[in-house]
Every structure is written in C-alpha cells, then in structure tokens.
Amino acid sequence: MAETAQQQCIIIGITGASASGKSLIANTLYHELRAQVGDHNIGVIPEDCYYKDQSNVPMEERIKVNYDHPGSMDHELLLQHLKTLKSGKNIQLPQYDYAEHTRKSESVVFRPKRVIILEGILLLTDKRLREQMDFSIFVDTPLDICLMRRIRRDVNERGRTLDSVIAQYNKTVRPMYLQFIEPTKQYADIIVPRGGKNRVAIDILKAKISQFCE
Ligand code: C5P
Ligand code: MG
C-alpha cells in the first residue's frame with residue numbers, strides 16, 4: 001500500500017544548551033546527507049526562526065526579553081508549519097535577525113522533505129512538538145565550553161559586546177538552561193557528548209537517517 005504524505009515526513013529534533021553544537025550537527029548532517037540522498041529528501045529548520053515577531057515592539061523593550069524562556073518562542077506557528085509540511089504543502093520559513101531581536105520582513109519558501117531536522121534549545125520543552133518528532137537528540141556539551149563558544153559567536157556574528165554576552169549569560173542563559181533545557185534530556189532518544197565535532201555520533205546518525213531516504 002502506498003504511504004500517505006503523513007507517514008512520509010520524518011522529523012528529528014536536535015536540542016541542547018546554547019552554543020552546544022546543535023546547529024553544527026544539524027548542518028553537517030544536512031550537507032553530508034544532501035550529497036547522498038538529494039536536496040528534496042532532507043532539510044533543516046532552526047527553532048530560532050520561530051522566536052516571536054517583535055517588529056512592533058520598541059528596541060528598548062526587545063533587549064529586555066528573556067530569549068531562553070519557552071514563552072519567547074512562537075511554538076504554535078512551528079507546530080502549524082510541521083503539520084503543513086507533513087500534509088505535503090510548502091511553508092514560508094520565517095528568518096530571524098539577532099542584532100535586531102526580531103523576525104526579518106522576508107521569509108523563505110521551504111518545501112516538504114522526507115527528513116526534516118529541527119534544531120533548537122527549547123524544542124523538547126513542548127509536548128506538542130515532542131509528539132511531532134520521530135526521534136530526538138540531546139547535545140550534551142559542558143557549559144564552560146558552550147560559554148566560550150557563545151562569547152566568540154555572539155561577538156563575531158550576532159552583533160554583541162563581551163559585557164552584554166556575560167550579563168545575559170548570568171541573567172537568563174544559564175538559569176533557563178538549568179530550569180527548562182537540561183530537564184528535557186529525559187525525553188531524548190540519543191545523547192551526544194561533546195558537540196558538533198563528534199564524528200562517531202555524526203556517522204551513526206547519518207546511517208540511521210539515510211535509511212529513511214531509501
Ligand atoms: O544558536 P543558539 O541555540 O545558541 O540560539 C539560542 C540563543 O540565542 C538563546 O540562548 C538566546 O539567549 C539567544 N538569543 C539572543 N537574542 C535574541 C534571540 C536569541 O541572544 N534576540
Ligand atoms: Mg544555533
């Protein structure tokens with residue numbers, strides 16, 4: 001019997017602390033598997049694209065928001081988009097601007113894929129999202145390593161100062177990790193130590209994911 005569109009879309013969640021290597025694992029899997037299984041078969045959706053739109057909120061308010069709390073995410077829209085993709089239809093994937101703390105005005109068309117890799121810090125905090133996933137991965141990188149990476153990245157790529165990164169880390173990033181993110185390790189099917197350069201983990205995940213595209 002032919003598979004329905006619903007059965008055809010496999011959703012894999014990758015979560016863990018900020019700067020733990022989630023995006024690197026997702027993008028490494030995407031680039032290496034795309035060559036093997038084709039662009040139509042695999043895609044990545046970052047949860048960061050689904051931070052709430054704040055284009056109507058003044059900048060002085062935007063910088064006060066706790067971006068590590070589940071309430072900062074538009075998980076309703078993400079859920080709706082996953083259902084749309086599972087039904088075989090395109091979505092308009094929002095694009096996020098970290099320097100402006102809001103969604104960009106333009107979005108990009110994202111077509112349904114056989115395998116969709118979702119990556120983000122708060123994905124497993126939401127039961128509705130967990131229910132959409134076929135399996136999930138927690139990237140378990142020590143927090144001191146994450147902090148070093150975050151400082152370098154936020155200063156070089158996200159328009160931040162060293163002082164602002166450290167202040168935000170103490171105020172929200174670390175406490176929210178301990179309160180909301182670390183407890184979601186219990187929901188993960190696979191725990192990957194050390195982050196994005198764990199070659200053995202990437203090869204095992206590649207073998208598992210490519211089975212879905214045969
Ligand atoms: O890529 P990563 O998982 O690190 O992205 C999530 C992080 O982005 C969160 O820890 C949050 O503090 C940060 N963020 C931010 N400013 C925003 C939106 C998210 O610093 N406007
Ligand atoms: Mg990331």
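In which helix do Arg-199 and Asp-203 both lie, and how many residues apart? In this predicted model, local features need pLDDT of at least 70 and side-chain atom pairs count only at pLDDT 80 or more, while totals for chains, interfaces and linings use all residues. Residues are numbered from 1 along each chain as its sequence is written, and side-chain values use heavy atoms, with hydrogens and water left out.

Both residues belong to helix 8 (residues 199-212), four residues apart, about one turn of the helix; helices are DSSP runs of H or I of at least four residues, and strands are runs of E of at least two, numbered from the N terminus. Salt bridges that share partners join Glu-32, Arg-199, Asp-203 and Lys-206 into one network. A salt bridge requires a side-chain nitrogen of Lys or Arg within 4 Å of a carboxyl oxygen of Asp or Glu, and the N to O distance for Arg-199 and Asp-203 is 2.8 Å.

The structure holds 13 salt bridges. One of them pairs Asp-74 with Arg-103 at 3.3 Å, N to O. Asp-74 lies in the loop between helix 3 and helix 4 and Arg-103 in strand 4 (residues 102-110), so this pair ties together parts that are 29 residues apart in sequence. Asp-74 and Arg-103 are both buried (under 20% relative accessible area, with exposed over 50% and partly exposed in between; 1.4 Å probe, protein chains only).

Ser-72 is found in the loop between helix 3 (59-62) and helix 4 (75-86). Its relative accessible area is 8%, so Ser-72 is buried.

Note on methods: Chains are lettered from A and ligands numbered from 1 in the order in which they are written.
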